[in-house]
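Biologist: I would like to learn how to read a structure like this one, step by step. Could we look at it together?

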Amino acid sequence: MKLLLVLLTLSLLVAVDVGRPSLAQSSIPAATIGNGKQIDKPSAPVLSIAPEANAAVQVVDSFMAKLASGDLSAAEKFLDPGLVVISNGIIQGSRSDYLNGPAKTDAAYLQKNRRQLLRRQARADTSFAWVISEKALFPQNAGKSTTQLVSETMLLAKTPAGWKIMHIHWSSHVATGS
């Protein structure tokens, strides 16, 4: 039931979003970020964030900062107990399943890579929000040159304790030419 409510709200947010510029209409050429080519130099990300989604975006950024620093107990505070994480088509499980397993590997990986936000779109209403991001991960290890392009979707719900991440979906692929 909760998932159905999230999906219905997401559908409503997307319907309300019709008419706003899409990320596909951004000023960054598609060949730079959309077709798997390596990003050579940092540039300003393309942002389309509704003002009412700013607090949810801050939660996503805070969660990712804590995850990347390896502070999983602090990262947990941004996650709803009913969280479901999916990564490249694999369900990683609940909040505790994720934090006690894959999150440790994710944190170690993020610590070894420079992250660059390429684009982000976020919308919210009074109880639900979604934040969609595209990022590049650049390896910092000598001899490693595989750049990953990551698509990230986070659904958040407004709780009495503030915005909490209910669902995370990450998918990634190796940038061609890297």
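Biologist: How do the residues of the lining of the largest pocket divide into nonpolar, polar and charged?

Modeller: Please keep in mind that this is a predicted model. As a general idea, rolling a probe the size of a water molecule over the atoms shows where empty space is left. In this case the lining of the largest pocket divides into 8 nonpolar, 7 polar and 4 charged residues, and the pocket itself has a volume of about 390 Å³.

Biologist: Which residues lie nearest the centre of the largest pocket, and which element gives the largest share of its lining?

Modeller: Of the 19 lining residues, Ser-87, Asp-106, Tyr-109, Leu-137 and Trp-170 lie nearest the centre. Helix 6 gives the largest share of the lining, with 5 residues, while strand 5, strand 6 and strand 7 each supply at least two residues, as helix 6 does.

Biologist: In what order do the strands of the sheet lie, and which are the edge strands?

Modeller: In general, strands of a sheet pair through backbone hydrogen bonds, either parallel or antiparallel. Here 7 strands form an open sheet with mixed pairing, in the order 1-4-5-6-7-2-3. Its edges are strand 1 (46–49) and strand 3 (90–93), each of which pairs on one side only, and the twist from one strand to the next averages 20°.

Biologist: How many bridges join strand 1 to strand 4?

Modeller: There are 4 bridges between strand 1 and strand 4 (residues 113–124), and the two run parallel; Leu-47 stands opposite Arg-120 in strand 4.

Biologist: At about what angle does helix 6 run to strand 4?

Modeller: Helix 6 (residues 102–111) runs at about 120° to strand 4, and lies across strand 3, strand 4, strand 5, strand 6 and strand 7.

Note on methods. Residues are numbered from 1 along each chain as its sequence is written. This is a predicted model: local features need pLDDT of at least 70, side-chain atom pairs count only at pLDDT 80 or more; totals for chains, interfaces and linings use all residues. Side-chain values use heavy atoms; hydrogens and water are left out. Two strands pair if DSSP finds at least two bridges between them. Axes are lines fitted to C-alpha atoms, for helices over the stretch in contact, and angles run from 0 to 180 degrees between N-to-C directions. Contact means heavy atoms within 4.5 Å. On a 1 Å grid over the protein atoms alone, a cavity is a set of points where a 1.4 Å probe fits but cannot get out, and a pocket is an open set with protein on both sides within 12 Å along at least five of seven lines; lining residues have an atom within 4 Å of a point. Grid points are joined across faces, edges and corners, and a volume is the space filled by probe spheres set on the points. Ala, Val, Leu, Ile, Met, Phe, Trp, Tyr, Cys and Pro count as nonpolar, Asp, Glu, Lys and Arg as charged, and the others, Gly among them, as polar.
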